[in-house]
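Q: Please take a close look at one part of this model, the nonpolar core and the residues around it. Describe how that part is put together.

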Amino acid sequence: MNTRIRELRKALGFSQKQFAEKIGLKQNAISYMEKNGATVTEQNIKTICSQFSVNETWLRTGTGTMFLENQKKQKEFFDIFDELSPVLQDYLIKTAKDLLDTQSKMQSDTKDSK
């Protein structure tokens, strides 16, 4: 797991200090976690997975993909949404509903042509 934490941090493009700040730790805690054989607490595992949309199975065992793509996209979307003014939030919701309608029509057209 220690190697995977280092691999994750590098994949995200963070220094140990930046990575630590994102999960509420100090740089020396990340340095320790990245050392082979170092113990990583359950709380730190959960925090890393939650903060970066990491597949917990991958972090623990190396099996599967590094990121949970859908959760990663949702987090990115909500982070953007939170930065928008209320008027633009309403516009984004309307646009998303319009996209759903368009998708539904496209799927219906595909079924009708079969």
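A: Helices here are DSSP runs of H or I with at least four residues, numbered from the N terminus. In this predicted model, I23 is found in the loop between α2 and α3. The residue is buried, with a relative accessible area of 11%, and buried means under 20%. Not counting residues up to four places away in sequence, I23 touches I30, T47, I48, Q51 and F52. For one of these, Q51, the C-alpha atom is separated from that of I23 by 6.9 Å, although the two residues are 28 apart along the chain.

I48 and F52 lead on to the core itself. The largest nonpolar core has 17 residues, and I48 and F52 are among those with the most contacts inside it, together with I5, L8, F19, V54 and L59. At least two core residues are supplied by each of α1 (2-12), α2 (16-22), α3 (27-33), α4 (42-52) and α5 (56-61). The largest share, four residues, comes from α4.

Leaving aside neighbours within four places in sequence, I48 is in contact with I5, L8, F19, I23, M33, S53, V54 and L59.

Note on methods
Residues numbered from 1 in each chain as written. Predicted model: local features only at pLDDT ≥ 70, side-chain atom pairs only at ≥ 80, totals over all residues. Heavy atoms only, no water. Core = buried A, V, L, I, M, F, W, Y, C linked by side-chain atoms within 4.5 Å. Buried < 20%, exposed > 50% of the residue type's maximum accessible area, 1.4 Å probe, protein only. Contact = heavy atoms within 4.5 Å.
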